[in-house]
Amino acid sequence: MGSSFKLAIQVFSVGAASGLLAAACGGAAAPAATPTKAPAAAATTAPAATKAPAGPKRGGTLRVAYTTVTQIADPHTSTEWVAFDVWRLVSNGLLKEEQTTHKSLPDLATSWRALDDKTWEFKLNQGVKMQSKEPVNGREVTSEDVKYSIQRIATAKPEFVRASWFATVESIDTPDKYTVVMKLKEPFAPLISNLAAQQSAIVPREVVEKQGDLKRPEIAVGMGPFVLESFRLEQGGMFKRNPNYFGKDASGAQLPYLDAIQYDIVEDAQTRVAAFRTGQYDILIGFSAADVPGIRGIPNVTLLPLSESFSVAGMGMDVTKAPFSDIRVRRALHLALDRKEMIDTYMQGQGVLRSPLGRNPLWGQTGDQLANWPGYRQPKDQDRAEAKRLLAEAGYPNGFKFEAVTTPLYPDHHINPALIMQRQWKDVLNVEMSIKQLDWGPFKSQEQGRQFLAEITTLAAGAIVDPDSVLFNNYHTKGSRQYWRLSDPKLDQLIEAQRRAVDVEERKKLVQDAELRIWELLPMIYQAIPQGSGAIYNYAKNLTSTNDGGAFGATRFQQVWLDK
């Protein structure tokens, strides 16, 4: 490790830990997704209902313009947001997230409690019905549905990318139709937040058995607020109000208010923005920073920014293959990259820096801390001089050539930063990076098969407010989304220890130590990404920005109404 870089890590380690703890002591809320150790039989019940919005109107169709063509719509195997959005319209989870604080709340469960540090009991709503569609035909939702769904997510096959979420679940018992008891192999701090994540949808066994899988979105059926009427991968779908939905508003009136949701996939950003501008859509999801001034100028439109998230973005490398098997090469590229140029150019000042945990100030570095970190700090002279020294020391004084793969989809996350990396590394280090662009499907297949030397990618985890999903999946030797062939016993031990730590402060320290170890290993060159946002017309009421990778994806629109 270069001496200046090592010293910076040591200094940052103290600063980051003290800064986060000071923030916590100064009144910041503890991370909502991580419970403190619960005493036996301490129950968590549904909070008092909040007051309903003044004068909600029933009826109307909410028209949503979305960005992505999904290849796989199975909520338990897909990494694409359309899959989660489809299933969270038609289904529910055992728990759900409050959209602003991300606190875990009841959903199908009415209450839950820790019987001891390895046993959790959940009580279900009684009388909840599946939708009146084949093959479920309006039957009652029971504890067996929960058991089946959680065990399916935990399937030990490569396509089940979130299997680690429930790998510590030793058994799931269903003593009656409305009770679920989960027994763990060891204490597992992320359990509750994982159950509340929108990827943990409860699905009917009959559909899987009839269809073989849940990859096709048109087969989605559950107990949720909307019934899928039609869906095509390239076009989107129509969802109609579920007349038998169990959800109620604060006054006891049945939800949802809307009659329908029209969910259109419009891949071309200019077409999507133009259609929103002319009023063809009520909600716009996915646009570049260059579009923000124009959207802000549309009368009666509000921009809703996304909050911080754990989404990780940058160039990942196969650390077992030259030249990236040499940490000095990885560190040189990290130090030479000027992320400020990304933010100032195509992001037009509306960008955020990314780190091993994405950027979530409850657990990892804040933006101000990252701005002073080697590789991010300004001016670049010191870092680039060190980068040249490290590359020469590694045996590449005249640079080298390599190919990186990426995708044209989400250009501000992929091809645009790739072009800046390409130019800067050539200018500063004489490192020549050729860029191979693949369509989304082939790109994800190649990524999941680890068939690359380097790739510019975004590993979205925005709906997850617990750090374990990123730490284990992206960096542990056994992580299902750890595409870098990284294997570090010290890092694995830290990641495993934070999973077991049920005390918040103890866990914070372990998470911070794990992130600092990732900084030392650098399996990715982290970049900046645009500050995400969505846009809505003001007549669409009760929409809330959320930390989910799409501006409104975590909400099921059940309390949205149209004031027109």
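Residues are numbered from 1 along each chain as its sequence is written, and side-chain values use heavy atoms, leaving out hydrogens and water.

The score itself, pLDDT, is the predictor's confidence in each residue, from 0 to 100. Its average over the chain is 84, and 84% of the residues reach at least 70. Another stretch that stays under 50 is residues 547-554, with 43 contacts beyond four places in sequence. Where pLDDT is low, the predicted coordinates should not be read in detail.

Now to the nonpolar interior. A nonpolar core here is a set of buried Ala, Val, Leu, Ile, Met, Phe, Trp, Tyr and Cys residues joined through side-chain atoms within 4.5 Å; buried means under 20% relative accessible area, exposed over 50%, and partly exposed in between, with a 1.4 Å probe and protein chains only. The largest such core holds 85 residues, and Leu-62, Phe-122, Phe-239 and Ile-261 touch the most other members. Helix H2 (residues 81-90) is its biggest contributor, giving eight residues. Apart from this core lies another, of 70 residues, with Leu-486, Ile-495, Ile-518 and Ile-525 among them. Beyond four places in sequence, the partners of Leu-62 include Leu-258, Ile-261, Phe-557 and Leu-562.

Ten of its ten residues are buried, so H2 is largely enclosed by the rest of the structure. Among the elements they pack against are strand S2 (61-66), helix H4 (191-196) and strand S10 (236-241). Val-90, found in this helix, has 0% relative accessibility and so counts as buried. Its C-alpha atom is separated by 6.1 Å from that of Pro-225, 135 residues away along the chain. Val-90 also touches residues including Gln-131, Ala-220, Phe-226 and Phe-239.

Gln-558 sits in the loop between strand S22 (540-541) and strand S23 (561-562). Its relative accessibility is 12%, so Gln-558 counts as buried. The side chains of Gln-558 and Tyr-245 make a polar contact at 2.9 Å (a pair of N or O atoms within 3.5 Å; within protein, one must be able to donate a hydrogen and the other to accept it, and residues adjacent in sequence count only if both atoms are side-chain atoms). Other residues touched by Gln-558 include Lys-96, Pro-225 and Leu-255.

Aromatic rings of Phe, Tyr and Trp (its six-membered ring) pair if their centres lie within 6.5 Å, with planes under 30 degrees apart called stacked, over 60 edge-to-face and the rest tilted. The count comes to 16 aromatic pairs. In one of them, Phe-324 and Phe-400 have ring centres 6.2 Å apart and planes at 75°, so the pair is edge-to-face. Phe-324 lies between strand S14 (312-317) and helix H8 (327-336), and Phe-400 between helix H11 (381-393) and strand S16 (401-406), both in loops, so the pair ties together parts 76 residues apart in sequence.

How values were computed. This is a predicted model: local features need pLDDT of at least 70, side-chain atom pairs count only at pLDDT 80 or more; totals for chains, interfaces and linings use all residues. Helices (H or I, at least four residues) and strands (E, at least two) are DSSP runs, numbered from the N terminus. Contact means heavy atoms within 4.5 Å.
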